[in-house]
Amino acid sequence: MTEPTRYAEYTTGEPITDSKAPDGPVAERWNRRRFEAKLVNPANRRKHTVIVVGTGLAGGAAGATLAEQGYHVVQFCYQDSPRRAHSIAAQGGINAAKNYRNDGDSVQRLFYDTVKGGDFRARESNVHRLAEVSVEIIDQCVAQGVPFAREYGGLLDTRSFGGVQVSRTFYARGQTGQQLLLGAYQALSRQIAAGAVEMHPRTEMLDLLVVDGRARGIVARDLITGEITPYFADAVVLASGGYGNVFYLSTNAKNSNATAVWRAHRRGAHFANPCFTQIHPTCIPRSGEHQSKLTLMSESLRNDGRIWVPTAPGDQRPPGEIPEDERDYYLERIYPAFGNLVPRDIASRAAKNVCDQGRGVGPGGQGVYLDFADAIARLGRTAVEEKYGNLFEMYERITAENPYEVPMRIYPAIHYTMGGLWVDYDLQTTVPGLFAIGEANFSDHGANRLGASALMQGLADGYFVLPSTINDYLARHPRHDALDASHPAVAETLADTEDRLRLLLAVDGDRTPDSFHKEIGELLWEHCGMARTEAGLRKALDRIPQIREEFWRRIKVPGSGEQLNQSLEKANRLVDYLELAELMCLDALHRAESCGGHFREESQTEGGEAERRDEEFSYAAAWEFAGTGRAPVLHKEDLVFEYVHPTQRSYA
Amino acid sequence: MLLMALATRTDRKQRTDRKRADGRPSAVRTLWGSTIGKKAVMAVSGLIMLGYLVAHMFGNLKIFFGAAEFNGYAHWLRTMGEPILHYEWALWIVRLVLVAAVVLHAVCAYQLSRRDLAARPTGYAHRRRRASYATRTMRWGGIILALFIVWHILDLTTGTVHSGGFQPGHPYQNVIDTFSTWYGNTVYLVAMLALGLHVQHGFWSAAQTLGVGSATRERMLKATANALALVLTAGFVAVPVAVMTGVVS
Amino acid sequence: MRLTLRVWRQPGADAPGAMVTYPLDGISEDMSFLEMLDTLNEELILKGDEPVAFDHDCREGICGACGVVINGDAHGPERTTTCQLHMRHFADGDTIDVEPWRAGAFPVVRDLVVDRSAFDRIIGSGGYITAPTGAAPEAHATPVPKPDADFAFEHAECIGCGACVAACPNGSAMLFTSAKVNHLNVLPQGAPERETRVLDMVATMDEEGFGGCTLAGECATACPKGIPLPSIAAMNKEWLRAARRGAR
């Protein structure tokens, strides 16, 4: 399909700036933006249609809120119900600067922690807004009936989480994401029943409709009948989540995919910082070749669990037989101030390092112990069960080992993607009328996301930010003329989509979609995973076009397109992964520094810590699509730090 | 917004009887229009019949104290409530209440059963039974009991199908006649076993339906259901056994 | 492990279906049930057959997408979701029957995939607290006693997988509906809509063609999240209370 090109020889285009964030003190910007934004007359809102793709925390919250405001919302999810979006699997909690503990927390501190945690690659204005809105989220969720953990006095309980020294994480046992998502889903369901949201479950967005330079709708496929339909709107909101599944093995849901964002990218939306992927340190190690996904154990486990490996390489004794002085509690040793609560990237890399030294435990030596013996002795088994019961059960179900008696084994896995569609302060992409919220955008976490901040960002975007900022766009662009499938731009996009699916079905080769997915995933994990090198990335960049070529020669998709065809869904998502993987490697190659989740072996301190290079790389890299396999154009958005001054992160 | 919600739902199911925005249907209508309501009707009618059965059983046991006492008790049933009530009025009130209970119980059971069967149009190829025998036999047990009631009334109240010469006002002899035939005993024993099973699940189920059940009361309710089932079955079965063994003659 | 699978195959909603037998070899006991089905599907695709369609997503036991009836048990022999059921619970040489959820309100879409949208309509008819964004009071304004919060959470754990309906001989959705009613009705925030919620949700449940409850208890046995059977009694109590209060 694609002629080999010199993809790595990208060009640098015009720098881009965020034109929407107001100047002035950071704490006043959000208020000012809201005041300066134009509003849509409530009576006119019903005449505006807004498409929302995805029903996770961001999409569900946005759909419900826009409908409450009076807009006509048309919403999509590939799952059979909006309640199943993968936000549901978030375990640990949600941050908010409530300072209920009187432990010195504040909006200012949450802002500071998040900018620092993101290794100074996020936009200050956005992060401050996130911290401000965080307190409203908790109020909103409690009002919806989200059953957060409470203390005996009836007030909300909080816990501490990786990367911070205050207790600001609200939680609902180990199922916070589920409870928050169900809150948003219920609010959305109310609007669906009221006819304000037109919900299309089991319908997948396959392309973006751009007409006269504006996002005017999407092309979507009904996954049951196979019917491909254009849907039109005055604005499109992508809340389709991250792209971690490009790695095949990740903690994402099996069907989470990058098609919506990648198709938007192909239609003109810049893709920012694709190499910023987060590896989560506490996942259950893989058990064999058949592994189809990885399961995360909440990071909150690190509050009470102690991480260790045997001091001696190759020590095969069962954990119970290794005496205390032959154990290396390496996080507590290297980072005495934060200990087991260092940020995710640091914890992950440390685990990789000890395993590389031959001190890993479990099958293949790809694991470290997370030990609760001390916590059980200190707090009692009941208290530990109260906090982590369901996580322990889950671990035992999967591994057949009882973590109350034997330490858990954990290993890092791909978990979250900080990169995503570039958006301005209004969460609008470079395609006017196209907005991206939640994990689908790149905005708030910089190069590394702190624990319990994804739920915060998804809900902040969905409940509060987007519903304010989208007004401005809709007010400034009065309703467009009606469109139909005969418009040339629409017809072209429709034909594109139909051709792609037809082609996939026509190849009739000899390899399954999963076999290609595993291949590209292993390649990325090897060269664009926890540690990256120039040589490795170049190797991957050579290999990806070959895999893509082989894919279009050998893919086998049985069945037809006019039915529920899960192989076709997978193959179609792979088409996009095979292009996205290339951009990730290029982004990782061009960013010759280490920061957050992006660790370049060439850029580390003598102690083996990540070394940022602010003078060269203090920018967000927004990539412009130039054609499949063609070198993209880099647009830099310089990051200015007026309030939190970049320092080398130190958690020692 | 509320009207729109109504419109959406009404369109979907062509429902016109339920109102939302401007008041709800009456409690009786709500009750009869819902599966939970019908179950509540079954629970209450079932409990009425259960109460009656307990009294009936105690009455039956008087047969062990001789014909005079038993026949006297039967006569009292007719004079009960006098002088404020006329002869047999109280008995007829009881009968009417019981007929109403039986009819309501049966109609609800029939309607709910049809609904339940329709809700599972296709069964599993791999069959597996886990619910208790009592639970699974509620429907057949109910049918057996309904048929038994008809036979029982024709046999010992009206005497239409009675085996010997039916003598009004002499229930002691009538009972002995009935339990002197093999089929009289068989019908009665089968029905009483069905009754035990029906009461065992029915009492517990009624408690759940009426919202009395809770995690803490679970054990107490189950024990009560078992005890009731056992005592009723034993109490009723004692009479034919006594006749068969000659203890009562 | 070597297994014999008998799987329900049905090409579409209106097409007839049948159990089809597939021998399967090389199954590891560390595989999840769905990974075992993945293995079967990879073989089927390479043979040019259409793979078995089944719903699944998170594979962590929380999204509620997956669910098949395994040897007559919803989600199989363990109390968990199908994705979290591991092959170590089966023996080498076993024959395993795999069927879709069976209920009138859950029509089969294809193979093991069923349409559970009736659940969404039950939630839409009252399974929420009306709290438009931005209108919320300060979170600590209304303390919730811990026992109530715990009770709410215990019922809020429902993942909407539909195993309760699949296991119930009457195809009843009482456990699902009661879980949401109890979650919201016990909270002070849910009190203003307490009566309308239970009446409307139960009415929708009935309209959707779910059967009534005969307290067979199969639902609670099958529930991967352990929603307890007394949940149904608690909803009955709420419903009767609301019906008594009538059209306030």
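**Chain by chain**

Author: Reading along the sequence, chain B runs α-α-α-α-α-α-α-α-α-α, where helices are DSSP runs (H or I) of at least four residues and strands (E) are runs of at least two, numbered from the N terminus. This is a predicted model, in which local features need pLDDT of at least 70 and side-chain atom pairs count only at pLDDT 80 or more, while totals for chains, interfaces and linings use all residues. Residues are numbered from 1 along each chain as its sequence is written, and chains are lettered from A and ligands numbered from 1 in the order in which they are written.

Reader: How many helices and strands does chain B have, then?

Author: Chain B has ten helices and zero strands, and its C-alpha trace spans about 75 × 55 × 40 Å along the principal axes.

Reader: What percentage of chain B is buried?

Author: Of the 249 residues in chain B, 29% are buried, meaning that 20 or more other C-beta atoms, placed from the backbone, lie within 10 Å of the residue's own.

Reader: Switching topic, which residues have the most contacts inside the largest nonpolar core?

Author: They are V237(A), L238(A), L421(A), C585(A) and V165(C), in a core of 330 residues; such a core is a set of buried Ala, Val, Leu, Ile, Met, Phe, Trp, Tyr and Cys residues joined through C-beta atoms within 7 Å. Helix α17 (residues 566-590) of chain A gives the most to this core, with 14 residues.

Reader: And where does the core lie relative to the domains of chain C?

Author: Domain 1 (3-110) and domain 2 (116-245) of chain C both contribute residues, so the core lies between them; the domain bounds come from an automatic or database domain assignment.

Reader: What does V165(C) touch?

Author: Leaving out residues up to four places away in sequence, V165(C) touches W101(C), A103(C), A105(C), F106(C), G171(C), S172(C), A173(C), F176(C) and F210(C), a contact being two C-beta atoms, placed from the backbone, within 7 Å.

Reader: How many residues do chain C and chain A each put into their contact?

Author: Chain C supplies 67 residues and chain A supplies 62 residues, and α1(C) gives the most to the side of chain C that touches chain A, with seven residues.

Reader: Last one: in what order do the five strands of the open sheet in chain A come?

Author: The order is β13-β17-β16-β14-β15, with antiparallel pairing, where two strands pair if DSSP finds at least two bridges between them. The edge strands are β13 (277-283) and β15 (327-328) of chain A, each pairing on one side only.

How values were computed:
Buried ≥ 20, exposed ≤ 12 C-beta atoms within 10 Å, placed from the backbone.
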